[in-house]
Amino acid sequence: MGAVAFIFPGQGSQTVGMGKDLKENFAEAKEIFKQADDALKFELSSLCFEGPVAELNLTPNTQPAILTVSVAALRVLEEKIGIKPDYLAGHSLGEYTALIAAKAFDFSEGVKTVQKRGQYMQEAVPEGEGGMAAILGLEREVVEEVCRIAANGEVLTPANFNCPGQIVISGHTNALKRAMALAREKGARKVVPLPVSAPFHCELMLPAAKRLQEYLKGISINPLIYPVVTNVEATENQEPNRVKELLIKQLTYPVRWEDSVKAMVKRGVNTFIEIGPGKVLTGLVKRIERSVKVFHVEDTKTLNVLEKAWKEINRK
């Protein structure tokens with residue numbers, strides 16, 4: 001049997017009702033939601049279970065909400081099935097969940113940190129001045145060239161290298177419009193403006209990065225019990241003294257998800273388990289490397305599917 005990676009979703013995976021099944025059926029999950037409510041001093045659990053959707057979609061709420069549901073699912077998986085990962089990784093916000101799984105910091109600390117991160121990201125750029133778009137069907141080099149040409153003195157760069165043929169770009173609104181038109185001219189299969197509140201993972205996030213750096217000064221990083229494959233470097237890190245630096249860089253650097261998955265496959269990972277709401281990463285992993293096994297855990301049903309499959313895998 002090969003190695004196992006736990007992977008954790010980022011912003012965009014949220015839905016009203018997420019985590020409710022876990023909280024109602026497992027004491028471990030119920031405890032995590034209680035810890036989140038206590039740490040943030042408001043009922044994040046109600047926002048996850050009942051919405052309203054507009055409030056859940058505000059970045060300072062979305063980030064702690066996804067983190068909480070992901071950690072609740074992780075705790076249930078650890079208790080009920082007991083799988084130990086060889087590697088951990090998360091997409092943008094999901095890297096914080098990976099660090100909690102690696103015991104770099106505790107959950108209460110993590111949920112407060114990502115609320116601040118969400119707030120800093122939201123406030124970094126005035127509304128309407130920046131945005132993001134997904135470019136489908138163009139090679140990496142072509143998208144980079146499109147960004148260079150369309151920038152025209154403004155900020156515009158690739159923000160997420162998600163999988164072959166799916167790259168998200170980020171920057172000033174006008175530069176983004178120019179890039180979207182140019183990408184279509186270059187033969188992009190599809191160009192989709194994303195419904196995000198700010199241009200993440202580009203230089204425009206520098207004010208957020210500076211505020212996050214200041215906030216992280218007050219947090220201690222513990223030894224990591226598992227290696228975390230980081231967005232910035234797409235290779236594993238297990239050094240506590242590098243964690244903060246990588247989290248700060250992450251705000252202005254692209255998310256190298258495709259490279260991260262390839263790095264884990266190269267190190268022998270053949271089973272990826274996405275833990276948290278939705279299965280966006282499961283889909284991306286399959287498009288990066290078809291040969292691997294993928295599972296996701298977000299409720300009782302998906303947990304049972306994994307448990308049954310895991311018994312089969314271990315029987316062989």
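Predicted model: local features only at pLDDT ≥ 70, side-chain atom pairs only at ≥ 80, totals over all residues.
A residue counts as buried when its relative accessible area is under 20%. His201, at 3% relative accessibility, therefore falls on the buried side of that cut-off. Lys41 belongs to the loop between α2 (27–40) and α3. With a relative accessible area of 74%, Lys41 is exposed, whereas His201 is buried. Pro52 is part of the loop that links α3 (44–50) to α4 (53–56).

Now for the sheets. One of them is open and has six strands, which run in the order β8-β7-β2-β1-β9-β10 with mixed pairing. Its edges are β8 (236–237) and β10 (293–297), each of which pairs on one side only. Helix α5 packs on this sheet, where it touches β1, β9 and β10, and its direction makes about 125 degrees with that of β9. Helix α13 also packs on the sheet and touches β1, β9 and β10; the angle between its direction and that of β10 is about 175 degrees. Out at the β8 end, β8 and strand β7 (residues 228–229) pair in the antiparallel sense through two bridges, and Val229 has Glu236 in β8 as its bridge partner.

On one flank, β1 runs parallel to strand β9 (residues 269–275), and five bridges join the two. Within that pairing, Phe6 stands opposite Ile273 in β9. The pairing of β1 with strand β2 (residues 87–90) is also parallel and spans four bridges; here Ala5 stands opposite Tyr87 in β2.

The other sheet described here is open too, with four strands in the order β4-β5-β3-β6 and antiparallel pairing. Strands β4 (156–163) and β6 (190–193) form its edges, each pairing on one side only. On average, and ignoring direction, neighbouring strands of this sheet are turned by 25 degrees against each other. Strand β4 is joined to strand β5 (residues 166–172) by six bridges, and the two run antiparallel. Among the residues involved, Phe161 has Ile167 in β5 as its bridge partner. Helix α8 (residues 140–151) lies across β3 (130–136), β4 and β5, and runs at about 160 degrees to β4.

What about the cysteines? There are zero disulfides in the structure. A disulfide is a covalent bond between the sulfur atoms of two cysteines. For Cys163, the closest cysteine sulfur is that of Cys147, 17 Å away, which is too far for a bond because a disulfide needs the two sulfur atoms within 2.5 Å. Cys163 is also buried, at a relative accessible area of 1%. Cys48, at 0% relative accessibility, likewise counts as buried.

The largest pocket has a volume of about 750 Å³. Its lining takes in 30 residues, and Gln11, Gly12, Ser13, Leu194 and Val196 are the ones that lie nearest its centre. Two or more lining residues come from each of α5 (59–80), α7 (107–123), β3, β4, β5 and α13 (280–288). Helix α13 provides the largest share, five residues.

The structure also holds one cavity of 30 Å³ or more, and the largest cavity has a volume of about 40 Å³. The residues that line it are Glu95, Leu99, Leu224, Val228, Thr230, Asn237, Val243, Leu246 and Leu247. Helices α6 (94–101) and α11 (240–250) each supply at least two residues of that lining, and α11 gives the most, with three.

Terms used: Residues numbered from 1 in each chain as written. Heavy atoms only, no water. Buried < 20%, exposed > 50% of the residue type's maximum accessible area, 1.4 Å probe, protein only. Pairing = 2+ DSSP bridges. Axes fitted to C-alpha atoms, helices over the stretch in contact; angles between N-to-C directions. Contact = heavy atoms within 4.5 Å. 1 Å grid on protein atoms, 1.4 Å probe; cavity = no way out; pocket = protein on both sides within 12 Å on 5 of 7 lines; lining within 4 Å. Points joined across faces, edges and corners; volume = space filled by probe spheres on them.
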